[in-house]
Every structure is written in structure tokens, then in C-alpha cells.
Amino acid sequence: MAKLISSWAGGHNQDLPEHYILPPHERPGDLINVLPCDSIPVIDLGKVLSDGGDRTNIIQQILNASREFGFFQVINHGVSESLMDDAMRLFNEFFELPGEDKEYIYSEDSRKSCRVFTGSDYQIGPTQFWRDTLRHPCFPLEDSIQSWPIKPDRYRDIVSKYSVEVRKLSLKILELISIGLGMDEGYFGEEFIQIQNISVNHYPPCPNPRLTLGIRNHCDPNLITILQQGDVQGLQVFKDGNWIGVRPVPYSFVVNMGNLLQVISNGKLRSVEHRAVTNSECARTSIATFLMPSFDYCVEPAKSLVSESYPPIFKPFKYMEFIREYLSNTDNPQAVLDHFKL
Ligand code: OGA
Ligand code: NI
């Protein structure tokens, strides 16, 4: 039996199967149409990537956005438009493959490193979410590449280039953040980012977007996420009690702070709840890159950010402990970090 939505959905006059229908208070309803908000800053990284540019102003923009929204977008970020196009085309082709060419890596076991799955890993109860996901590690390349899909043909070629470029970009952004916060510039160096996963979300056209979600509200359980949202709107961010849409900006990446950055910055930066709504018109594919330390890394507020007048607000914990807590708290994303507060 075909498991992935992209393998079975799309017939005419199809109804939304009952197990996708959320309880009334969790349905997005009219909010599927919220207008995209222009207040989430679009930051031009061109000047910091070319030598000699003034970093101070850009660092300030990044910090302001990270404090206020937990989100910003970047343009002129150094990842070429042709590579972004290649990657998006490739992943769309992947989800358009006939069932057997993608379902052979289907697995519901989250310990499996490369897999496709459907619904969500942020699931509670029997309700399914309207998305298929392909996820696998990308670092170190030589250790992970063997597990990747073999179709479409250029998969390994394009995804390895993409992973290297997005890694460079994320290290740059993390460096700017660490400078802005007054931390050691090398805090988030090559060594820090031991895990880099690509997680491609595919939301086929949905028969009734008002009754379901693509991804439920969640915070990302990592350090930072770099998302190629593509051209189709769907990402929403929770801000002051409202859901706001993130406008698709051509060839931009959406950047958001994960829970760990909130801890390491001792609460100066925020990891903010977000979700994805679906639409009935067209498929939407988004490419998320999740960056994090190894599971045995001890996460704690950076020493340079705590003092007698700014005592630490989180206790040290192993990243693994956090993941365990995260998975048992999916119904209340805000509550997870409370377990690690002092
Ligand atoms: C995620 C996520 C949003 C999107 O994968 O964690 O929030 O727009 N994705 O697909
Ligand atoms: Ni997310």
C-alpha cells in the first residue's frame, strides 16, 4: 500500500480523509489566507561576504530580527541561484517518482538515518499531517552519501554541492551571531556543527487546507535552521498571539533560531513557534537544513554571556536529554525549555 501522500493523492473530487482532520480548535480555518508579513526582515548578506564590507550594521539587523521574531530571511547569501534551482527541481522530481522508487526508503523508525516518512515526527494522537518528508544526514559527506537515494540520477551530485554551500552559509551566520552577542567568534566553528541533516518537506495539493496542517506548531529542536522556502507560501510564524505568513522572497533562505541557540545565548535570542499550512492549488516543497552539535554535547549558556548581574537561566544538559524531553512534549513546544531552566 502506498504510504506517502504524494503516491496516492491527487484524484479528482477527492475528500480529505478523516484522519487528517484536526479537532476544531486546532484547525487553521481562515488563517490559511493570512497575508504574508513584511516585518520579518530580509537581510542582504552581500556586504559581509565580500571582503571589507561593514559588518556592524548587518550584525545588528540579524540580532534585532532574532530577538524579535526568531526569524529572518537572507539574500545575496553566496549560494548560487542555479544550485538552489537544481536542488528544488531535484526534490520535486523525487516526490513525483512512482511509488516504488521512493517508498523503498520509507520508514517510521526515526533512528533510521535516511528515510522518507509521512505525517510528522511532531505527532500526537491519531491525527496525521499533510506532508511527506525525506530526511538524511549530510555531514560528514563521505560517511552519509552512501545512504542517500539513488534516484533521480543527479541526486548525490546536487545534494552534496548544496549541503556544502548551505553549511558555509550557516557557519557565516553563526559567526555573525556570536560576534553580535559578544561571544567568542569561534564558538560555533566547524567543530561545533557535528550534525547536519537535510529535511525536505513536500506538501501535495490538499483537498481541504482549512481542516488540516502541513506541520503543526513547533520550535526546531536544533541550533539553527536554514530553509529554502521556494515560491509557494505556507510558512507561518507565531508573533504576539497571531500567526503571520513569511513572504516567499525569490532565492532567499529563511533562517530561524533553534531551541539550543536560545539556551546558549542565555535567552537573548528566541526560538519561536512556527507551522506550515497547505493549499489546494499546487504542491509546495521546502528544503530545511538543520544544524546541531553531537548528541553527547553539553549545552549551556555561553560563559561569556553570564555574570553576576546576568546569571544563567538554563542549567547544562546533554543534547540527547533535550531531544528526549522534546519528543515527549510535542503538544506544548514552549514547555520543553522550562525543564532546563534554573
Ligand atoms: C521544519 C519547518 C517549514 C516549512 O521543517 O521544521 O518548520 O515551510 N518547515 O516547510
Ligand atoms: Ni521548523
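Helices (H or I, at least four residues) and strands (E, at least two) are DSSP runs, numbered from the N terminus. This is a predicted model, in which local features need pLDDT of at least 70, side-chain atom pairs count only at pLDDT 80 or more, and totals for chains, interfaces and linings use all residues. Residues are numbered from 1 along each chain as its sequence is written, chains are lettered from A and ligands numbered from 1 in the order in which they are written, and side-chain values use heavy atoms, with hydrogens and water left out.

**Stop 1: two loops with a positive phi**

Select Y251, which is found in the loop between β10 and β11 (253–257). Phi of Y251 is near 55°, a positive value in a residue other than glycine. Most residues other than glycine have a negative phi, and most peptide bonds are trans. Y251 has 32% relative accessibility and counts as partly exposed; buried means under 20% relative accessible area, exposed over 50%, and partly exposed in between (1.4 Å probe, protein chains only).

Next, go to D240, in the loop between β9 (235–239) and β10 (242–246). D240 is not a glycine either, and its phi is positive, about 50°. The relative accessible area of D240 is 67%, so D240 is exposed.

**Stop 2: two cis peptide bonds**

Select F139 and P140, which are joined by a cis peptide bond with omega about -15°. P140 sits in the loop between β5 (132–137) and α6 (141–144). Then select K151 and P152: the peptide bond from K151 to P152 is also cis, with omega near -10°. P152 belongs to the loop between α6 and α7.

**Stop 3: helices α3 and α7**

Show residues 55–68 (helix α3) and residues 155–181 (helix α7). The axes of α3 and α7 come within 9 Å and cross at roughly 90°, which makes α3 roughly perpendicular to α7. Axes are lines fitted to C-alpha atoms, for helices over the stretch in contact, and angles run from 0 to 180 degrees between N-to-C directions. Angles under 35 degrees count as roughly parallel, over 145 as roughly antiparallel, 65 to 115 as roughly perpendicular and the rest as oblique.

Which residues of α3 meet α7? They are R55, I59, I62 and L63, and their partners in α7 are E175, L176, I177, I179, G180 and L181 (contact means heavy atoms within 4.5 Å).

**Stop 4: the nickel ion**

Select the nickel ion (ligand 2), then H218, D220 and H274. The ion is coordinated by NE2 of H218, OD of D220 and NE2 of H274, at 2.1 Å. Donors are N, O and S atoms within 2.8 Å of the metal (3.2 Å for Na, K and Ca); water is not among the atoms, so sites may look incomplete. Along the chain the donors follow the spacing H-x1-D-x53-H. Both H218 and D220 are buried.

**Stop 5: aromatic rings**

The structure holds 18 aromatic pairs. Rings of Phe, Tyr and Trp (its six-membered ring) pair if their centres lie within 6.5 Å; planes under 30 degrees apart count as stacked, over 60 as edge-to-face and the rest as tilted. Select W148 and Y155, an edge-to-face pair at 6.2 Å centre to centre with 75° between the planes. W148 and Y155 are buried.

Now select Y319 and F322, a stacked pair at 6.4 Å centre to centre with 15° between the planes. Y319 and F322 are 3 residues apart in helix α9 (residues 319–327), so about one helical turn separates them. Y319 and F322 are both buried.
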